[in-house]
Amino acid sequence: AIDTYLSVSETNSADPDRLEEVWENAVRLAMRHAQERYNEIVAEVCKRLKLIRRFEAAAELYESIEAWREAVHCYMDCEVWEKAKMVAQQQCPDMIRVVEERYKTDLVSKGDGDELIRRTGDVSSALNMYARNGDWDKCLQLAEKNGDRKMLAHYLVQYAKILANKDEITEACQALVRYGPPTDQTNFQDRKSTRLNSSHLCNL
């Protein structure tokens with residue numbers, strides 16, 4: 001009966017719910033009647049579940065055979081971060097950093113700066129993300145809120161130069177007035193940036 005359940009594959013059914021149910025029946029039978037095959041059956045079913053992107057179901061089965069690292073990877077693949085972190089903390093501490101870094105990368109890729117800061121406290125990554133995405137209002141507001149004038153100046157200069165290169169001098173000056181001009185004027189060296197420097201000084 002176990003092998004009959006395992007004989008069902010994607011070629012027999014395109015319904016992932018049905019496939020998951022059938023394969024997990026094989027696991028249940030192995031647990032009850034063929035424990036000597038249990039680990040083997042679970043490993044095979046997990047491999048199949050991953051192919052149909054049922055990562056959380058695979059992770060739970062991996063846990064049942066103490067394949068902790070595989071479970072953590074599956075939880076990460078389906079973005080169940082709390083479980084990934086919990087298993088890593090309890091069973092394979094060397095993977096904690098892997099989970100944290102991948103979670104951070106996921107938040108950055110989604111542009112979720114607020115969650116990135118709330119979960120990791122990584123203000124620097126959030127600032128870089130906002131700047132790369134051109135979300136300068138959030139970038140500058142966060143830099144100002146963080147209270148690091150050097151950091152604020154760094155992003156303010158980047159933003160002002162972008163505006164100056166687009167001949168949006170008024171907008172650049174408004175940003176400089178709003179957040180305060182950087183004390184290091186060597187940031188403004190090219191022609192348009194020099195014009196910007198003169199302009200904002202005249203308006204202060």
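Helix α4 itself covers residues 55-64, and its buried residues pack against three helix neighbours: α2, α3 and α5. Please keep in mind that this is a predicted model, with a mean pLDDT of 87 for the chain.

**Helix α4 and its surroundings**
- On α4, the buried residues are F55, A57, A58, A59, L61 and Y62.
- Their packing partners are α2 (16-33), α3 (38-51) and α5 (68-77).

**The largest pocket**
- The volume of the largest pocket is about 230 Å³.
- Its lining is made up of W81, E82, K85, V99, E100, E101, Y103, K104, R119 and T120.
- Three helices each give at least two residues to this lining: α6 (81-91), α7 (96-109) and α8 (113-120).
- Helix α7 makes the largest contribution to the lining, with five residues.
- Sorted by class, the lining of the largest pocket holds six charged, three nonpolar and one polar residue.

- A pLDDT of 70 or more is reached by 89% of the residues in the chain.
- Residues 190-194 stay under 50 in pLDDT, and the model gives this stretch seven contacts beyond four places in sequence.
- Residues 198-204 also have a pLDDT below 50, with eight contacts in the model beyond near neighbours in sequence.

Terms used
Residues are numbered from 1 along each chain as its sequence is written. This is a predicted model: local features need pLDDT of at least 70, side-chain atom pairs count only at pLDDT 80 or more; totals for chains, interfaces and linings use all residues. Side-chain values use heavy atoms; hydrogens and water are left out. pLDDT is the predictor's confidence in each residue, from 0 to 100. Contact means heavy atoms within 4.5 Å. On a 1 Å grid over the protein atoms alone, a cavity is a set of points where a 1.4 Å probe fits but cannot get out, and a pocket is an open set with protein on both sides within 12 Å along at least five of seven lines; lining residues have an atom within 4 Å of a point. Grid points are joined across faces, edges and corners, and a volume is the space filled by probe spheres set on the points. Helices (H or I, at least four residues) and strands (E, at least two) are DSSP runs, numbered from the N terminus. Ala, Val, Leu, Ile, Met, Phe, Trp, Tyr, Cys and Pro count as nonpolar, Asp, Glu, Lys and Arg as charged, and the others, Gly among them, as polar. Buried means under 20% relative accessible area, exposed over 50%, partly exposed in between (1.4 Å probe, protein chains only).
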